[in-house]
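Me: I would like to learn how to read a structure like this one. Can we start with charged pairs and then go on to the sheet and the core?

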Amino acid sequence: MMHERRRGRDADPFEVARRRMVTEQLIPGGIRDQRILAAMGKVKRHAFVSAGMEEQAYLDRPLPIGQGQTISQPLIVAAMTEAIEPQADDRVLEIGTGSGYQAAVLAEVVKQVFSIERHSGLSIHARKILYRLHYKNISFRIGDGTLGWPEEAPFNAILVTASGPIIPQALRDQLVDGGRLVIPVGEGDVQELLLITRNRDRFEERRLTGCRFVKLVGEHGWREE
Ligand code: SAH
């Protein structure tokens, strides 16, 4: 009896919607890595969206999270995660904590996540949600992510979730040999998602897709408006 009651309380009303997001958006969208599909099927995206928007959390679209920022659409989160080819032992840096959703997905597939956000309110809110969901392998920092996180560098991979005018040099410098960096570059409607792979002192660059992110604001990003 106790067991039944506990199950009822923990039941997740969005489990079916989340499974459909995986089968109807992510797999048709080309996501192949089973660990990433499993992570996307597990992380409660509805816990990261603004109050009252839970019903929309598993739709194929970005959603507002306050401070004029957005949580990216599920397929883009999965595609960026797949692009960095995450390994179980990796230490990964994320720029733009936002809601904390992308950090949670990363935390499911790598050993340690470091996440920087320039808006303290967003960072604090994300920490609360991730704590409540029992994530223990995410470190947070409030500051300018265009400078990276030198004290914790180097990283196996870096994932930038806001679009800047250039690829900040600090982020290249903070990659291990063989490290991967995924970053949107450009403004407004004209943005490209780039994948940079470090090979000693060479940086191979590949264009993944067109995209639309909020602005990367900082010393090596756009100026504050
Ligand atoms: N990864 C987030 C997406 C948030 S949108 C999620 O899963 O919800 C991008 C975020 O980048 C915004 O919260 C914005 O405030 C932040 N940002 C923009 N420029 C930044 C910078 N230079 N350093 C750190 N965060 C930045």
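Reply: A salt bridge here is a side-chain nitrogen of Lys or Arg within 4 Å of a carboxyl oxygen of Asp or Glu. Keep in mind that this is a predicted model.

Me: How many salt bridges does that rule give?

Reply: The count comes to 14. One of them joins Glu 187 and Lys 215, whose closest N and O atoms are 3.8 Å apart. Glu 187 lies in strand β7 and Lys 215 in the segment after β9, so the pair ties together parts that are 28 residues apart in sequence. Glu 187 is partly exposed, at 42% relative accessible area, and Lys 215 is partly exposed at 35%.

Me: Which residue does Arg 212 meet in a salt bridge?

Reply: Its partner is Asp 189, at 2.1 Å from N to O. Arg 212 is in the segment after β9 and Asp 189 in the loop between β7 and β8, 23 residues apart. Arg 212 is exposed, with a relative accessible area of 61%, and Asp 189 is exposed too, with 64%.

Me: Now the sheet. What is the general idea?

Reply: Strands of a sheet pair through backbone hydrogen bonds, either parallel or antiparallel. In this model, seven strands form an open sheet in the order β5-β4-β3-β6-β7-β8-β9, with mixed pairing. β5 and β9 stand at the edges with a single partner strand each, so one side of each is left without a neighbour in the sheet. From one strand to the next, the twist averages 15°.

Me: How does the chain get from β4 to β5?

Reply: β4 and β5 run parallel and are joined by five bridges. The chain crosses between them through helix α6, residues 120-132, and this β-α-β crossover is right-handed. Within the pairing, Ile 116 has Arg 141 in β5 as its bridge partner.

Me: And the nonpolar core?

Reply: In soluble globular proteins, nonpolar side chains tend to be buried together. Here the largest nonpolar core has 45 residues, and Leu 26, Met 40, Phe 48 and Tyr 101 have the most contacts inside it. Helix α5 gives the most to this core, with seven residues.

Me: What is Tyr 101 in contact with, beyond its neighbours within four places in sequence?

Reply: Its contacts are Met 21, Met 40, Val 43, Arg 45, Phe 48, Ile 71 and Val 77. There is also a second, separate core of 18 residues, which includes Ile 95, Trp 149, Phe 155 and Ile 158.

Note on methods: Residues are numbered from 1 along each chain as its sequence is written. This is a predicted model: local features need pLDDT of at least 70, side-chain atom pairs count only at pLDDT 80 or more; totals for chains, interfaces and linings use all residues. Side-chain values use heavy atoms; hydrogens and water are left out. Two strands pair if DSSP finds at least two bridges between them. Helices (H or I, at least four residues) and strands (E, at least two) are DSSP runs, numbered from the N terminus. A crossover is right-handed if, with the strands pointing away from the viewer, the path from the first strand over the helix to the second runs clockwise. A nonpolar core is a set of buried Ala, Val, Leu, Ile, Met, Phe, Trp, Tyr and Cys residues joined through side-chain atoms within 4.5 Å. Buried means under 20% relative accessible area, exposed over 50%, partly exposed in between (1.4 Å probe, protein chains only). Contact means heavy atoms within 4.5 Å. Axes are lines fitted to C-alpha atoms, for helices over the stretch in contact, and angles run from 0 to 180 degrees between N-to-C directions.
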